[in-house]
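Please open the model in your viewer and keep the sequence panel beside it. The stops below each begin with a selection and then describe what is there.

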Amino acid sequence: MVNLRMKKVAIIGAGPAGLTAAYLLGKSGVSVQVFEKDPTYVGGISRTESYKGYHFDIGGHRFFSKSQEVEDFWTEILGDELLERPRSSRIFYNKNFFSYPLVAMEALFKLGVFESILCVLSYLQSKVFPIKNPQNFEDWVTNQFGKRLFNIFFKTYTEKVWGIPCNQISADWAAQRIKGLSLSSAIWNALFASQNKKKKGDALIKTLIDSFRYPKTGPGRMWEVCAEKSIALGVEITMNTGVQKIEKSGDTWQIHTSDGKQVGDFSHVLSTAPMRELIPNILPLMPAKSLEAAQKLNYRDFLTVVLICRDKDAFTDNWIYIHDPSVQVGRIQNFKSWSPFMVPDPSMACYGLEYFCFEGDGLWASSNEDLIALGKKEIAQIGLTDPSSVLDGYVVRQPKAYPVYDHEYKDHLATIREDLEAYKGLSLIGRNGMHKYNNQDHSMMTAMLATKNIVAGKELYNLWDVNEDAEYHEGGDRGAENKLVGRAVPKKI
């Protein structure tokens, strides 16, 4: 019988993975201390920030999972504060808004008969004269759908999100990602249904989920309450305290914090810190090849320009994908549609314009005033509201939002994982902790399995087997699957 009272666990980061582990370990009677560098917010990228009573999500977080264990966790933490919300989104392209998923007649009308004919001719050309042995995303998509559909519904948005030219993204990502639910397949099915019929017995294109759960005042509420309930169980959560180094000493770990303190003796450490930051700060130092591999891991960052407006031009979408190359914004959130409780005044609206960037580049380094001015200009250019309706603004910067899967990242991870075997008691969990493009529920699952390993006193589960699913928040049944299967993200050639 494992004596849980003898276990003492340090958790780096109070995001979904860190707090899930803290709560479950606390319930099991394990001594837990969480170190969070943010002075105010828990929840990491799933936090909810606020300004003058307005609440805003950092990227849009639907509470929908195929894992019943995750769904039950959410219910246990927040219960009646979880709303059932309708799913609604559109695409903006060429000064038109397209329903997503696409409606055949609407797509025909808005693309126009002439453009539709050109798309067909482009498609036929790609079939008669395909690019041989396509190695990149652009060539692969062009072979499948023609150059014209690639330019309309792939190029701009993909390059905005990832900051990588489509001809530098590997073809194998396209082959994995572009399935029945892909935008291009939806367009093709809408315009040319007779050419796209499935044989009897084949799987049909998945239906997008039409609703999801969402906390009344944003996803951060889930993690605020989770933190409160964890503290009630005896978990210690130390805010405004970063971790500078972690040191293995015999069978225990010491935590060196940003305020110059040393805390120990921990039997286990669960880290959600970005791998590039953690690896060089493990003592004794990891081998040089792992230190070098960690420094070569890259991240994609983004910022949200929040505009508080009069609600005279309201739209009902949760978000709109912006496929127009004439503006820099990639996606626009409507926080009032996520939950009416996010906006304190019913006569007002609150929009979040998302700009994908790299930390330190020109967009990231722009002043808040310049970014708000850019947001007002671009939302007017798209036609969603008039600049005179915008009464206030706010900017949220989110570093390391997405781990980048370049052509070398798998080799770097393999090197690091091999050397981590020597550091018993240390487990990496969550999106940045594992450098895996996890959804919130996948991050939680890595934490759930890590806690089961700790409680059992042995490795029952390999955390690296928890994968990501590209269609996870788009199709399928809630709580329908326990196995979480692969999400594909672009890899640079």
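**First stop: Arg331**

Select Arg331 and, leaving aside its neighbours within four places in sequence, you will find it in contact (heavy atoms within 4.5 Å) with Gly59, Tyr157, Trp319, Ile320, Tyr321, Ile322, Gly352, Leu353, Glu354, Phe356 and Tyr402. This is a predicted model, in which local features need pLDDT of at least 70 and side-chain atom pairs count only at pLDDT 80 or more, while totals for chains, interfaces and linings use all residues. Residues are numbered from 1 along each chain as its sequence is written, and side-chain values use heavy atoms, with hydrogens and water left out.

Arg331 is buried, with a relative accessible area of 9%, where buried means under 20% relative accessible area, exposed over 50% and partly exposed in between, with a 1.4 Å probe and protein chains only. Its side chain reaches the backbone oxygen of Gly59 at 2.9 Å, and a polar contact of 2.7 Å joins the side chains of Arg331 and Glu354. A polar contact is a pair of N or O atoms within 3.5 Å; within protein, one must be able to donate a hydrogen and the other to accept it, and residues adjacent in sequence count only if both atoms are side-chain atoms.

**The sheet around it**

Arg331 lies in strand β17 (residues 331-334); helices (H or I, at least four residues) and strands (E, at least two) are DSSP runs, numbered from the N terminus. Now select the open sheet of 7 strands, whose order is β7-β6-β16-β17-β18-β15-β19 with mixed pairing; two strands pair if DSSP finds at least two bridges between them. Its edge strands, β7 (96-100) and β19 (390-403), each pair on one side only. Within the sheet, β15 (residues 299-310) and β18 (residues 348-357) run antiparallel and are joined by 10 bridges, with Phe302 standing opposite Phe356 in β18. Helix α7 (residues 155-162) packs on the sheet, touching β15, β16 (319-322), β17, β18 and β19, and its direction makes about 105° with that of β15. Axes are lines fitted to C-alpha atoms, for helices over the stretch in contact, and angles run from 0 to 180 degrees between N-to-C directions.

Select β11 (residues 252-257), in which 5 of the 6 residues are buried. On one side, 6 bridges join it to the antiparallel strand β10 (residues 243-249); in this hairpin, with 2 residues between the strands, Gly250 takes a positive phi near 70°. β11 also forms a hairpin with β12, this one with 4 residues between the strands and a positive phi of about 85° at Gly260 in the turn. Here His256 stands opposite Gln262 in β12.

**An enclosed helix**

Which part of the structure encloses helix α5 (residues 137-145)? It is largely enclosed by the rest of the structure, because 8 of its 9 residues are buried. At its start, a side-chain oxygen of Asn136 reaches to within 3.1 Å of the backbone nitrogen of Glu138, and the helix is followed by Gly146, whose phi is positive, near 95°.

**Last stop: two crossing helices**

Select α2 (residues 68-78) and α10 (residues 220-232), whose axes come within 9 Å and cross at roughly 70°. The contact includes Phe73 and Trp74 of α2 and Met222 and Trp223 of α10.
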